[in-house]
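Welcome, and please open the model in your viewer. We will walk through it one selection at a time.

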Amino acid sequence: MPDDGPAQECSCGRRFVDCEHWNEIKERLLGRISPADLKTNITEFEFSTNRYLNRLGKEAYHWSRLNGLPNGWHLFPNKMKQLHRVNQMLVEEILTMENNRTFADSSKTIDHALYLSAIEAFDFHVIWLVRDPRAQVSSALKYNAWNVAEATERWKREMENNRRVLEGVGMKYHTLRYEALCREPKEEMVQLLNFVGLDAAKFSLDFRNTTRHIMGNRSMRRGTDTKIAERRDWLNRLSQEQIKQIETMTTDYQQYYTH
Ligand SMILES: [Zn+2]
């Protein structure tokens with residue numbers, strides 16, 4: 001594997017290791033923390049380099065948050081405070097560099113919402129991006145050796161778990177439907193900005209008019225279009241029987257469907 005693939009490249013066009021913006025953030029953060037703060041992977045909220053202790057730390061974290069224990073209770077209280085403190089500093093340094101007050105984290109797992117929502121300095125909002133279950137199952141089948149029934153069950157469990165965590169902890173959240181975002185991007189973005197308390201009047205779909213330093217989805221970041229293409233390849237990838245099977249298993253999940 002070459003070491004300068006798309007994943008290593010910032011949206012400014014440089015590799016992350018050569019990007020002045022990210023290097024400056026790194027230097028500023030290193031000036032505020034000690035080497036002990038970086039023994040575990042901070043942005044992954046790793047409690048220990050020992051995977052059993054790490055697992056135990058994560059389980060304890062979930063348990064305490066979902067059972068309403070005071071924010072700050074933990075099996076490893078000092079480690080938890082360190083994870084919160086260093087993540088807060090990282091966000092602070094990024095915001096200082098960008099002269100901004102709003103930070104978006106594009107994590108895919110609900111765990112990250114759970115961790116970040118506990119940092120009291122943040123006015124934390126969750127944008128829950130959902131998609132038609134048929135598209136989700138089709139996508140899961142591409143990357144896993146599951147059959148349709150298993151992929152559908154897993155999707156249902158994930159939706160239930162996300163809702164349980166968001167509502168159990170009382171996070172502020174907005175459900176954004178992928179298909180709606182593709183079809184009516186401006187309207188959906190205005191709703192989203194109102195939800196997080198930002199000025200929707202200043203919003204433009206032309207988000208590439210200034211140099212950015214963004215990670216993730218490279219073709220989207222570096223492209224020139226202002227449209228978001230809705231991927232509907234599931235219509236060809238799934239057979240009629242498979243589509244029927246997913247629909248039968250998800251009759252109680254109509255709010256996620258787009259027809
Ligand atoms: Zn950059």
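Keep in mind that this is a predicted model. Begin by selecting helix H5 (residues 133-143) and helix H6 (residues 148-169): their axes come within 9 Å and cross at roughly 120 degrees. Angles of 65 to 115 degrees would count as roughly perpendicular and those over 145 as roughly antiparallel, so H5 and H6 are oblique to each other. Their crossing is right-handed.

Now show the side chains where the two helices meet. On H5, pick Pro133, Gln136, Val137, Ala140 and Leu141; on H6, pick Val148, Ala151, Thr152, Arg154 and Trp155. Colour them by class and you will find 7 nonpolar, 2 polar and 1 charged residues in this contact. As you look along a helix, remember that an α-helix has 3.6 residues a turn, so residues three or four places apart point the same way.

Next, move to helix H2 (residues 51-66). How far apart are its end C-alpha atoms? They are 22 Å apart, which agrees with the 22 Å that 16 residues should span at 1.5 Å a residue. Just after H2, stop at Gly68, where phi is positive, at about 70 degrees.

For the last stop, select Lys79, which sits in helix H3 (residues 77-98). Finally, draw a line from Lys79 to Ala36: the two are 43 residues apart in sequence, and 11 Å apart in space from C-alpha to C-alpha.

Key
Residues are numbered from 1 along each chain as its sequence is written. This is a predicted model: local features need pLDDT of at least 70, side-chain atom pairs count only at pLDDT 80 or more; totals for chains, interfaces and linings use all residues. Helices (H or I, at least four residues) and strands (E, at least two) are DSSP runs, numbered from the N terminus. The expected span of a helix is 1.5 Å times one less than its number of residues. Axes are lines fitted to C-alpha atoms, for helices over the stretch in contact, and angles run from 0 to 180 degrees between N-to-C directions. Angles under 35 degrees count as roughly parallel, over 145 as roughly antiparallel, 65 to 115 as roughly perpendicular and the rest as oblique. A crossing is left-handed if the near helix is turned anticlockwise from the far one by less than a right angle, and right-handed if clockwise. Two residues are in contact if their C-beta atoms, placed from the backbone, lie within 7 Å. Ala, Val, Leu, Ile, Met, Phe, Trp, Tyr, Cys and Pro count as nonpolar, Asp, Glu, Lys and Arg as charged, and the others, Gly among them, as polar.
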